[in-house]
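I opened my notebook to record one structure.

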Amino acid sequence: MKYNIIITRKSIKNLILKIKSNGQILLSVPKTTPQKYIESFIESKEAWIKENLEKIKKNSTKQVDKSYKNGDNIEYLGKMYLLKIFPDKKNLVQIFEDCIYIYTNKESNEKNIEALLYNWYRTQADTIFLNSINKYSQIIDENFEELKIRKMKNRWGSCRYLKKQITLNLELIKKPLECIDYVSLHEVAHLRYPHHKKEFWDFIHIYMPDWKLRKERLEKNE
């Protein structure tokens, strides 16, 4: 096999392929599955495996390269801003023209700056994400009970349709509004279609004919 895949036979009905955040590939298969079928399945998923391993590698590199110093570029709603840090009597984050200004009464080390920026991102996301989710829940006439916002490693959003609970990745706040809207519609649509079959994508297309372009832009900027 081209990839090092850990195969485990279990009392399940279908094959389940997962890639962990550290790049480890796990494949769970029904106990009686023939080896040839397993190999054929892996071969059919080769492009998907390669794509996701590249994403993990790319994200890992981004985390290593991330810094929060004066003059760094900071992403917000699909645009890059110049980070400017100033000592002050209070902690404050403001955005003006092409700059994000951070005023802090703490030591201007990267850890403190990251914490202030995280809280600011979260405050912006609370409003922007909720507005987007509300907009599409009203458009398609599907109610949700709760919106959660948190950092997610391998996905932009999720929907627990039975509980009517939607979760969005905080990192989305760095992406263009059109991409945020795409993810919002995607997750809200799962309240009606809890799968990715053709009818789900047909439904998405009705309310967002350019969803493919938005999805490509989102994935291109990952």
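My entries on this structure follow.

**Ground rules**

I am working from a predicted model, in which local features need pLDDT of at least 70, side-chain atom pairs count only at pLDDT 80 or more, and totals for chains, interfaces and linings use all residues. I number residues from 1 along each chain as its sequence is written, and side-chain values use heavy atoms, with hydrogens and water left out.

**Entry: the whole chain**

I began with the overall picture. I found 6 helices and 10 strands in the chain. Here helices (H or I, at least four residues) and strands (E, at least two) are DSSP runs, numbered from the N terminus. Along the principal axes, the C-alpha atoms fill a box of roughly 70 × 45 × 30 Å.

Next I looked up burial. Buried means under 20% relative accessible area, exposed means over 50%, and partly exposed lies in between (1.4 Å probe, protein chains only). Of the 222 residues in the chain, 38% are buried. The chain exposes about 14,000 Å², and carbon and sulfur atoms supply 48% of that. These areas come from the Shrake-Rupley method with a 1.4 Å probe, and for residues only the protein chains shown count as cover.

I then looked at contacts, meaning heavy atoms within 4.5 Å. Among contacts with a separation of 6 or more, 43% are between residues 24 or more positions apart.

**Entry: Leu 27**

Is Leu 27 buried or exposed? Leu 27 is buried, at 1% relative accessible area. I placed Leu 27 in strand S3, residues 25-30. I left aside its neighbours within four places in sequence and listed what Leu 27 contacts; the list includes Ile 5, Leu 15, Ile 38 and Phe 41. Ile 7 is also among the contacts of Leu 27. Leu 27 and Ile 7 are 20 residues apart in sequence, but their C-alpha atoms are 4.8 Å apart in space.

**Entry: Gln 165 and the cysteines**

I moved on to Gln 165, which lies in strand S10, residues 165-169. Gln 165 is buried, with a relative accessible area of 9%. Not counting residues up to four places away in sequence, Gln 165 touches Glu 146, Lys 148, Ser 158, Cys 159 and Arg 160.

A disulfide is counted when a pair of cysteine sulfur atoms lies within 2.5 Å. How many disulfides does this rule give? The count is 0. For Cys 159, the closest cysteine sulfur is in Cys 179, 20 Å away, which is too far for a bond. Cys 159 is buried at 18% relative accessibility. Cys 99 is buried too, at 11%.

**Entry: a hairpin**

I followed Cys 99 into strand S7, residues 99-104. Strand S6, residues 92-96, runs antiparallel to S7, and 5 bridges join them. Two strands pair if DSSP finds at least two bridges between them. Ile 95 has Ile 100 in S7 as its bridge partner. The hairpin has 2 residues between the strands, and Glu 97 takes a positive phi near 55° there.

**Entry: salt bridges**

Side chains of opposite charge can pair when their charged atoms come close. I counted a salt bridge when a side-chain nitrogen of Lys or Arg is within 4 Å of a carboxyl oxygen of Asp or Glu. That rule gives 9 salt bridges. I wrote up three of them.

- Lys 174 and Glu 171 meet at 2.9 Å, N to O. Lys 174 is buried at 13%, and Glu 171 is partly exposed at 22%.
- Asp 202 and Lys 198 meet at 2.8 Å, N to O. Both lie in helix H5 (residues 198-207), 4 residues apart, about one turn of the helix. Asp 202 is partly exposed at 37%, whereas Lys 198 is exposed at 62%.
- Asp 210 and Arg 214 meet at 3.0 Å, N to O. Asp 210 is partly exposed at 31%, and Arg 214 is buried at 16%.
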